[in-house]
Amino acid sequence: MNFWRALQHGLSLDALPVATQDKQFIDEVISQSRKHHLDLPLLIFLEGLRPVSFIAASVLTGLEPFAELFFPQAAYQKFTSFVENRANLDTLIESLKQ
Amino acid sequence: MSHDPWVWIAAFLTLAIFSFLYKDNVFYKIAEHIFVGVSGAWLFATYFQSDIVEDMLMKSFPHFFHRTEAPNYITLGGGVIGLIILLRMVPGFSWLSRWGIAFVIGFQTGLQLFSAINAYILIQVRAALVSLFVPRNIGLTIRNWLQAGGTFTSLSYFYFSKEHKGAFGVLTRIGIWFLMISFGAAYGSTVMTRMSILIGRVYFLLSTWLGVVRA
């Protein structure tokens, strides 16, 4: 990937589609949130996280060598890519609002 | 209006971040990528200077830095552990990096254990143990009842070994009210902090950049 293509990719405004496993994760988060009546605090947290999702994902990537000691690597990377894609958070927020 | 190019860059980045309020756009993406890159570079430069140069190299080889103190080679141990952590990029030796990380985490845990227990557990427990009847002070008595009741009911909400039904269910329902009020207070505090930051940035734009408001 040359520099200009990488730049285009980095600055692209096209939202990536929500993957199937991410949809399952979203459903799981919503069911747990409903079970514990934590919809509102979670919604507030997610609305606050939404604009900085890319930065949060970058921080998670930076912490990966240490996080790997406590969490399985594949699950951690999946969670990082989940946070990085703003469309996932949008879907989660919209589902919580319903 | 400012003639300093750095002020113009800061103003552009501030406006680029604010543009997200309208919708996601290229300027916001540029600003957040710059933020991540600059933060990473700043952290690297700061830790390189303070930890590797000042704490390790200057202490181990002071004569190279025109210093007169005696060499302290023990600081090289930190560098060795750092190199062991970097071995995760060498296939076949990547498992060794866990030893380095385990040492760092174990060391930090040991250092932080006492202060963390003191700050997060003992002080909290001590603050929760209040007298439920304060003679000739009805206000403080009510406050202490609220505090003790809030602590007990909030904790009972997180007790999942018993089904939240009946009298216990009522208790946990009161607990969630206390939790919601504390979440609301925390959120309000966060909003006020953000408002203060917003005022700072608007003041920067109007004063330092445009010069329409006098400092």
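Of the 98 residues in chain A, 9% come out as buried, meaning 20 or more other C-beta atoms, placed from the backbone, lie within 10 Å of the residue's own. This is a predicted model, where local features need pLDDT of at least 70, side-chain atom pairs count only at pLDDT 80 or more, and totals for chains, interfaces and linings use all residues. Residues are numbered from 1 along each chain as its sequence is written, while chains are lettered from A and ligands numbered from 1 in the order in which they are written.

Chain A has seven helices and zero strands; helices here are DSSP runs of H or I with at least four residues, strands are E runs of at least two, and both are numbered from the N terminus. Its C-alpha atoms fill a box of roughly 50 × 35 × 25 Å along the principal axes.

Now for where the chains meet. On chain B, 16 residues are in contact with 13 residues of chain A, contact being C-beta atoms, placed from the backbone, within 7 Å. H2(B) gives the most to chain B's side, with seven residues. That side splits into ten nonpolar, two polar and four charged residues. Nonpolar covers Ala, Val, Leu, Ile, Met, Phe, Trp, Tyr, Cys and Pro, charged covers Asp, Glu, Lys and Arg, and the others, Gly among them, are polar.

Within chain B, helices H5 (residues 138–157) and H6 (residues 166–209) pack at about 110°, axes 7 Å apart. The axes are lines fitted to C-alpha atoms, for helices over the stretch in contact, with angles from 0 to 180 degrees between N-to-C directions. H5(B) and H6(B) are therefore roughly perpendicular, a label for 65 to 115 degrees.

Notes: Parallel < 35°, antiparallel > 145°, perpendicular 65-115°, else oblique. Contact = placed C-beta atoms within 7 Å. Buried ≥ 20, exposed ≤ 12 C-beta atoms within 10 Å, placed from the backbone.
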